[in-house]
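Biologist: Please take me through this model feature by feature, giving the general idea before the particular case.

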Amino acid sequence: MYTWDELERSIVNCGRCMLCKKRIQAVPGKGNHSSQIMLVAEAPGKQEDLQGIPFVGPAGKVLDILLTSAGLNRKDVYITNIVKCHPPGNRDPLPEEQETCMQYLRAETTLLHPPIIVCLGRIAAQKLISPNFKISREHGMWTHRKGYWMTAVYHPSAILRDPAKLEEAKQDFQSIISKVREIEESKYPL
Ligand code: SF4
C-alpha cells in the first residue's frame with residue numbers, strides 16, 4: 001500500500017515499460033485527494049510530457065470548459081491517465097503498456113476511493129468499463145461495478161477535433177453532478 005508521496009515517486013522513477021524510453025517525464029495524477037470524482041484519460045499528451053501535469057495543453061482548456069459548465073474546477077476533481085508516460089507520436093497506448101501501468105491506477109483508486117470514476121474517451125472506457133465500449137453510443141451512461149459508479153464522456157481532444165460534441169459532453173458532466181447529488185442523498189436521506 002502506497003502513500004500519495006510514495007506513489008508519485010514510484011511513477012516519476014518508473015521504467016517498467018518501453019514508454020519510459022522516449023518520455024521527457026512521467027505524469028502522475030493530480031488533484032483533490034478527497035474528491036468524489038476521478039477522471040481517467042488514456043495517456044499524457046505532448047504538453048503534459050513537457051510539463052509533468054495532466055491536461056495542460058489545448059485539451060486541458062476544453063476540460064476546464066466542461067468542468068466549469070458543471071460548476072466544478074480542477075480543485076474539485078482528481079485527474080489521471082491509464083498510462084503515465086506520453087506514447088511517442090501521440091499513438092494509443094498498447095494493451096501491454098496499459099496493463100503494466102494499471103498498478104498505479106489501482107493504487108490511485110485505493111488511495112482516493114472515489115464513488116465516481118469518469119473515463120475521458122474510448123480507450124479509458126474500453127479498459128475500465130467494457131472492451132467493446134462505443135463512446136459515440138454509450139457516453140453518459142452509468143454502470144455500477146465493485147462499489148464504483150462509472151461513466152464515460154468524450155475525450156476533450158475529440159471535442160477539439162469536432163466541436164459539435166461539446167454540448168453532449170456538457171450534458172454528460174451535468175449527469176456527473178446529478179450522480180454526486182444522488183450519492184449524497186442516499187447517504188443522508190431526508
Ligand atoms: S507508462 Fe507506466 S509502467 Fe510504463 S514507464 Fe510509464 S509509469 Fe512506468
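Modeller: Let us begin with a pair of helices: W4, L7 and I11 on the α1 side meet Y104, A107, E108 and L111 on the α5 side, where contact requires that the C-beta atoms of two residues, placed from the backbone, lie within 7 Å. Sorted by class, this contact of α1 with α5 has 6 nonpolar residues, no polar ones and 1 charged residue; Ala, Val, Leu, Ile, Met, Phe, Trp, Tyr, Cys and Pro are taken as nonpolar, Asp, Glu, Lys and Arg as charged, and the others, Gly among them, as polar. The model is predicted, so that local features need a pLDDT of at least 70 and side-chain atom pairs count only at pLDDT 80 or more, while totals for chains, interfaces and linings use all residues. Residue numbers run from 1 along each chain as its sequence is written.

Biologist: At what angle do α1 and α5 pack, and how far apart are their axes?

Modeller: Two packed helices are described by the angle between their axes and by the distance between those axes. Here α1 (residues 4-12) and α5 pack at about 165 degrees, with axes 11 Å apart; the axes are lines fitted to C-alpha atoms, for helices over the stretch in contact, and angles between N-to-C directions run from 0 to 180 degrees. That angle makes α1 roughly antiparallel to α5, because angles over 145 degrees count as such, those under 35 as roughly parallel, 65 to 115 as roughly perpendicular and the rest as oblique. The crossing of α1 past α5 is left-handed, that is, the near helix is turned anticlockwise from the far one by less than a right angle, clockwise being right-handed.

Biologist: Which helices each supply at least two residues of the shell around the ligand?

Modeller: They are α2 (19-22) and α5 (95-112), and the largest share, 3 residues, comes from α5. Of the 14 residues around the ligand, C14, C17, C20, C85 and C101 come nearest, a residue being near if its C-beta atom, placed from the backbone, lies within 6 Å. By class, the shell has 9 nonpolar, 2 polar and 3 charged residues. Helices (H or I, at least four residues) and strands (E, at least two) are DSSP runs, numbered from the N terminus.

Biologist: Which residue other than glycine has a positive phi near 65 degrees?

Modeller: Most residues other than glycine have a negative phi. N90 is the residue with a phi near 65 degrees, and F55 likewise has a positive phi, of about 55 degrees. F55 is found in the loop between α3 (46-51) and α4 (58-69), whereas N90 is found in the loop between β3 (78-81) and α5.

Biologist: Is F55 buried or exposed?

Modeller: F55 is buried, since 28 other C-beta atoms lie within 10 Å, whereas N90, with 12, is exposed; the cut-offs are 20 or more for buried, 12 or fewer for exposed and partly exposed in between, with C-beta atoms placed from the backbone and counted within 10 Å.

Biologist: What does I135 touch, beyond residues up to four places away in sequence?

Modeller: I135, in helix α7 (residues 135-138), touches G121, R122, A125, A152 and Y154, and its 21 C-beta neighbours inside 10 Å make it buried. By contrast, Y148 in strand β6 (residues 148-153) is partly exposed, with 15 such neighbours. Leaving aside neighbours within four places in sequence, Y148 is in contact with P115 and I117, and its C-alpha lies 7.2 Å from that of P114, 34 residues away in sequence.
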